[in-house]
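The sequence and structure come next.

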Amino acid sequence: MKKNPVTSLPYLIIAIILSANPSHSIRFPNPISQVTLIPSNEVTKTAVFALGSFWRSESVFGCLDGVVRTSVGYAGGSKLNPEYRSLGDHAESILIEYDPRLINFRQLLEVFWSSHDSRQVFGQGPDVGNQYRSIIFINGTEESRLASVSKEREQSKSRSSIVTTQIQQLETFYPAEPEHQKFELKRNPFLLQLIGNLAEEELEKSSLAAKLNGYAAELCPPRIQSRIDGKVNEIIRKGWPILREV
Ligand code: MHO
(Lines give C-alpha, C1' and ligand atoms only; values in the text may rest on other atoms or scores of the structure.)
Protein backbone atom coordinates (compact mmCIF):
# COMPACT_ATOMS: atom_id res chain seq x y z
CA MET A 1 0.00 0.00 0.00
CA LYS A 2 1.23 3.46 -0.90
CA LYS A 3 2.26 5.58 2.07
CA ASN A 4 0.38 8.81 2.65
CA PRO A 5 2.92 11.56 1.89
CA VAL A 6 1.24 14.00 4.33
CA THR A 7 1.68 11.83 7.46
CA SER A 8 5.19 10.75 6.58
CA LEU A 9 6.44 14.30 5.88
CA PRO A 10 7.07 15.33 9.52
CA TYR A 11 9.12 12.18 10.09
CA LEU A 12 11.11 12.92 6.97
CA ILE A 13 11.88 16.47 8.16
CA ILE A 14 12.96 15.26 11.59
CA ALA A 15 15.13 12.57 9.99
CA ILE A 16 16.83 15.18 7.78
CA ILE A 17 17.47 17.53 10.70
CA LEU A 18 18.88 14.76 12.87
CA SER A 19 21.16 13.40 10.17
CA ALA A 20 22.32 16.86 9.06
CA ASN A 21 23.44 17.97 12.48
CA PRO A 22 24.30 15.43 15.14
CA SER A 23 24.07 18.09 17.86
CA HIS A 24 20.27 18.12 17.45
CA SER A 25 19.69 15.20 19.69
CA ILE A 26 16.44 14.85 21.52
CA ARG A 27 16.61 16.43 24.95
CA PHE A 28 14.42 15.41 27.81
CA PRO A 29 13.82 17.95 30.57
CA ASN A 30 15.91 17.39 33.70
CA PRO A 31 14.21 15.10 36.16
CA ILE A 32 12.77 17.09 39.05
CA SER A 33 15.36 15.82 41.48
CA GLN A 34 18.10 17.50 39.46
CA VAL A 35 16.42 20.88 39.19
CA THR A 36 17.92 23.06 41.83
CA LEU A 37 15.51 25.34 43.63
CA ILE A 38 18.12 28.06 43.84
CA PRO A 39 18.88 29.66 40.48
CA SER A 40 22.57 29.86 39.64
CA ASN A 41 22.45 33.67 39.50
CA GLU A 42 21.09 33.72 43.02
CA VAL A 43 21.08 37.06 44.81
CA THR A 44 20.93 36.27 48.47
CA LYS A 45 20.91 38.44 51.59
CA THR A 46 22.15 37.66 55.06
CA ALA A 47 20.78 38.19 58.53
CA VAL A 48 22.32 37.45 61.92
CA PHE A 49 20.45 36.85 65.18
CA ALA A 50 21.29 35.63 68.67
CA LEU A 51 18.51 33.86 70.61
CA GLY A 52 20.00 31.25 72.90
CA SER A 53 21.80 28.03 72.03
CA PHE A 54 22.96 28.25 68.42
CA TRP A 55 22.30 24.55 67.92
CA ARG A 56 18.64 25.31 68.34
CA SER A 57 18.62 28.63 66.44
CA GLU A 58 20.20 27.01 63.41
CA SER A 59 17.42 24.42 63.39
CA VAL A 60 14.69 27.01 63.67
CA PHE A 61 15.85 29.19 60.76
CA GLY A 62 17.39 26.51 58.56
CA CYS A 63 14.06 24.87 57.97
CA LEU A 64 12.27 27.88 56.54
CA ASP A 65 11.49 28.01 52.84
CA GLY A 66 13.64 30.72 51.32
CA VAL A 67 16.57 30.14 53.67
CA VAL A 68 19.43 29.00 51.49
CA ARG A 69 22.21 28.36 54.01
CA THR A 70 22.90 28.73 57.70
CA SER A 71 25.94 28.69 59.92
CA VAL A 72 26.48 29.15 63.61
CA GLY A 73 29.07 31.42 65.17
CA TYR A 74 29.91 34.17 67.62
CA ALA A 75 28.99 37.84 67.32
CA GLY A 76 28.11 40.88 69.35
CA GLY A 77 31.24 41.04 71.50
CA SER A 78 34.74 42.44 71.24
CA LYS A 79 36.95 39.38 71.82
CA LEU A 80 39.06 38.52 68.78
CA ASN A 81 38.80 34.98 67.43
CA PRO A 82 36.37 33.60 70.01
CA GLU A 83 36.01 29.86 70.51
CA TYR A 84 33.24 27.81 72.05
CA ARG A 85 35.10 27.30 75.33
CA SER A 86 36.23 30.93 75.50
CA LEU A 87 33.83 33.11 73.61
CA GLY A 88 34.37 36.15 75.82
CA ASP A 89 31.61 38.73 75.52
CA HIS A 90 30.13 37.29 72.31
CA ALA A 91 26.71 35.73 71.93
CA GLU A 92 26.00 32.42 70.22
CA SER A 93 24.63 33.57 66.87
CA ILE A 94 23.17 32.30 63.68
CA LEU A 95 24.02 33.58 60.21
CA ILE A 96 21.17 33.12 57.77
CA GLU A 97 21.60 33.40 54.03
CA TYR A 98 18.21 33.86 52.40
CA ASP A 99 16.56 34.46 49.07
CA PRO A 100 14.72 37.80 49.44
CA ARG A 101 12.22 36.78 46.75
CA LEU A 102 10.98 33.99 49.03
CA ILE A 103 11.39 35.35 52.54
CA ASN A 104 12.21 38.81 53.87
CA PHE A 105 13.82 40.38 56.92
CA ARG A 106 10.44 41.24 58.43
CA GLN A 107 9.35 37.58 58.27
CA LEU A 108 12.66 36.47 59.75
CA LEU A 109 12.02 38.88 62.61
CA GLU A 110 8.64 37.27 63.25
CA VAL A 111 10.32 33.88 63.51
CA PHE A 112 12.96 35.41 65.78
CA TRP A 113 10.36 36.73 68.25
CA SER A 114 8.23 33.61 68.24
CA SER A 115 11.18 31.24 68.72
CA HIS A 116 12.53 32.39 72.07
CA ASP A 117 11.67 34.23 75.25
CA SER A 118 13.04 37.70 74.74
CA ARG A 119 12.13 38.63 78.33
CA GLN A 120 14.29 36.00 80.00
CA VAL A 121 17.25 37.61 81.74
CA PHE A 122 20.77 36.19 81.51
CA GLY A 123 19.89 33.04 79.64
CA GLN A 124 17.49 31.22 77.42
CA GLY A 125 15.46 28.23 78.55
CA PRO A 126 17.73 26.03 80.65
CA ASP A 127 20.91 27.70 79.35
CA VAL A 128 22.31 30.30 81.69
CA GLY A 129 24.81 32.98 80.75
CA ASN A 130 25.53 36.06 78.72
CA GLN A 131 26.33 33.99 75.62
CA TYR A 132 22.61 33.17 75.34
CA ARG A 133 21.38 36.77 75.21
CA SER A 134 18.93 37.98 72.59
CA ILE A 135 20.22 40.24 69.80
CA ILE A 136 19.00 41.42 66.41
CA PHE A 137 22.01 42.36 64.30
CA ILE A 138 21.30 45.01 61.73
CA ASN A 139 22.92 46.28 58.62
CA GLY A 140 21.50 49.49 57.14
CA THR A 141 18.71 51.89 58.03
CA GLU A 142 15.83 49.78 56.73
CA GLU A 143 16.79 46.78 58.86
CA SER A 144 17.33 49.10 61.79
CA ARG A 145 13.83 50.53 61.37
CA LEU A 146 12.20 47.11 61.00
CA ALA A 147 14.04 45.81 64.05
CA SER A 148 12.98 48.77 66.23
CA VAL A 149 9.36 48.62 65.11
CA SER A 150 9.19 44.89 65.79
CA LYS A 151 10.79 45.30 69.22
CA GLU A 152 8.31 48.04 70.17
CA ARG A 153 5.47 45.81 69.05
CA GLU A 154 6.84 42.96 71.13
CA GLN A 155 7.18 45.18 74.21
CA SER A 156 3.66 46.53 73.77
CA LYS A 157 2.24 43.00 74.18
CA SER A 158 2.90 43.23 77.90
CA ARG A 159 4.29 45.86 80.25
CA SER A 160 4.85 43.44 83.11
CA SER A 161 8.46 42.72 82.08
CA ILE A 162 11.11 44.14 79.79
CA VAL A 163 12.07 42.80 76.38
CA THR A 164 15.83 42.36 76.83
CA THR A 165 16.66 42.05 73.12
CA GLN A 166 19.46 44.32 71.94
CA ILE A 167 19.59 45.81 68.46
CA GLN A 168 23.21 46.04 67.32
CA GLN A 169 25.06 46.94 64.18
CA LEU A 170 26.68 43.73 62.92
CA GLU A 171 30.46 43.93 63.15
CA THR A 172 32.19 40.56 62.77
CA PHE A 173 30.54 37.17 62.66
CA TYR A 174 33.06 34.49 63.67
CA PRO A 175 32.00 31.05 62.40
CA ALA A 176 31.97 28.42 65.15
CA GLU A 177 33.94 25.18 65.07
CA PRO A 178 32.74 22.50 62.60
CA GLU A 179 31.31 20.27 65.33
CA HIS A 180 28.72 22.96 66.14
CA GLN A 181 27.51 23.34 62.56
CA LYS A 182 24.30 21.42 61.75
CA PHE A 183 24.59 19.92 65.21
CA GLU A 184 21.09 18.45 65.34
CA LEU A 185 21.47 16.77 61.98
CA LYS A 186 24.84 15.33 62.95
CA ARG A 187 23.37 13.57 65.91
CA ASN A 188 20.95 11.79 63.61
CA PRO A 189 22.98 9.25 61.59
CA PHE A 190 19.84 8.03 59.87
CA LEU A 191 19.15 11.43 58.28
CA LEU A 192 22.83 11.92 57.48
CA GLN A 193 22.83 8.66 55.58
CA LEU A 194 19.66 9.67 53.77
CA ILE A 195 21.43 12.62 52.16
CA GLY A 196 24.49 10.60 51.28
CA ASN A 197 26.80 11.23 54.23
CA LEU A 198 27.99 14.57 52.88
CA ALA A 199 31.48 15.75 53.73
CA GLU A 200 31.73 18.53 56.32
CA GLU A 201 32.19 21.38 53.78
CA GLU A 202 29.21 20.23 51.75
CA LEU A 203 27.12 19.83 54.86
CA GLU A 204 27.89 23.39 55.85
CA LYS A 205 26.81 24.94 52.56
CA SER A 206 23.91 22.63 51.74
CA SER A 207 20.34 23.99 51.81
CA LEU A 208 19.05 20.46 52.22
CA ALA A 209 21.25 19.92 55.28
CA ALA A 210 19.96 23.21 56.73
CA LYS A 211 16.37 21.99 56.30
CA LEU A 212 17.04 18.55 57.71
CA ASN A 213 18.87 20.07 60.65
CA GLY A 214 15.57 21.71 61.57
CA TYR A 215 13.64 18.56 60.85
CA ALA A 216 15.96 16.51 63.08
CA ALA A 217 15.23 18.84 66.00
CA GLU A 218 11.50 18.86 65.14
CA LEU A 219 11.66 22.63 64.92
CA CYS A 220 10.30 23.09 61.41
CA PRO A 221 6.93 24.78 60.93
CA PRO A 222 4.34 21.92 61.02
CA ARG A 223 3.60 22.19 57.29
CA ILE A 224 7.27 21.74 56.39
CA GLN A 225 7.81 19.06 59.05
CA SER A 226 5.08 16.91 57.52
CA ARG A 227 6.23 17.59 53.97
CA ILE A 228 9.65 16.22 54.91
CA ASP A 229 8.06 13.30 56.81
CA GLY A 230 6.35 12.35 53.56
CA LYS A 231 9.56 12.43 51.52
CA VAL A 232 11.53 10.52 54.13
CA ASN A 233 8.87 7.81 54.39
CA GLU A 234 8.75 7.47 50.63
CA ILE A 235 12.48 6.87 50.51
CA ILE A 236 12.33 4.36 53.35
CA ARG A 237 9.66 2.49 51.40
CA LYS A 238 11.73 2.43 48.23
CA GLY A 239 15.11 1.98 49.88
CA TRP A 240 16.48 4.25 47.15
CA PRO A 241 17.31 6.88 45.96
CA ILE A 242 19.01 9.28 48.27
CA LEU A 243 17.09 12.36 49.39
CA ARG A 244 18.09 15.29 47.18
CA GLU A 245 15.57 17.95 48.09
CA VAL A 246 12.56 18.50 50.32
N1 MHO B 1 21.91 23.27 76.59
C2 MHO B 1 22.93 23.08 75.64
C3 MHO B 1 23.68 24.31 75.30
C4 MHO B 1 24.47 24.09 74.12
S5 MHO B 1 24.99 25.41 73.44
C6 MHO B 1 25.40 25.26 71.93
C7 MHO B 1 23.81 21.95 76.12
O8 MHO B 1 23.39 20.84 75.96
O9 MHO B 1 24.90 22.14 76.62
O10 MHO B 1 25.47 26.42 74.13
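## Ligand shell

Ser 53, Phe 54, Trp 55, Tyr 84, Glu 92, Asp 127 and Tyr 132 surround the ligand, each with a heavy atom within 4 Å of it. By residue class, the shell comprises four nonpolar, one polar and two charged residues; Ala, Val, Leu, Ile, Met, Phe, Trp, Tyr, Cys and Pro count as nonpolar, Asp, Glu, Lys and Arg as charged, and the others, Gly among them, as polar.

The model is predicted: local features need pLDDT of at least 70, side-chain atom pairs count only at pLDDT 80 or more, and totals for chains, interfaces and linings use all residues. Residues are numbered from 1 along each chain as its sequence is written, and side-chain values use heavy atoms, with hydrogens and water left out.

## Contacts and cover

The side chain of Asp 127 places an N or O atom 2.5 Å from a nitrogen atom of the ligand. For Tyr 132, a side-chain N or O atom is 2.7 Å from an oxygen atom of the ligand, and for Tyr 84 the corresponding distance to a ligand oxygen atom is 3.1 Å. On its own the ligand has 310 Å² of accessible area, of which the protein covers 68% (Shrake-Rupley method, 1.4 Å probe).

## Positive phi angles

Most residues other than glycine have a negative phi. Phe 122 has a positive phi of about 60° and lies in the loop between α3 (105–114) and β4 (123–124). Helices are DSSP runs of H or I with at least four residues, and strands are runs of E with at least two, numbered from the N terminus. Phe 122 is exposed, at 52% relative accessible area (exposed means over 50%, with a 1.4 Å probe and protein chains only).

Asn 197 also has a positive phi, near 45°. Asn 197 sits in the loop between α6 (189–194) and α7 (200–205) and is exposed, with a relative accessibility of 52%.

Notes
Buried means under 20% relative accessible area, exposed over 50%, partly exposed in between (1.4 Å probe, protein chains only). A polar contact is a pair of N or O atoms within 3.5 Å; within protein, one must be able to donate a hydrogen and the other to accept it, and residues adjacent in sequence count only if both atoms are side-chain atoms.
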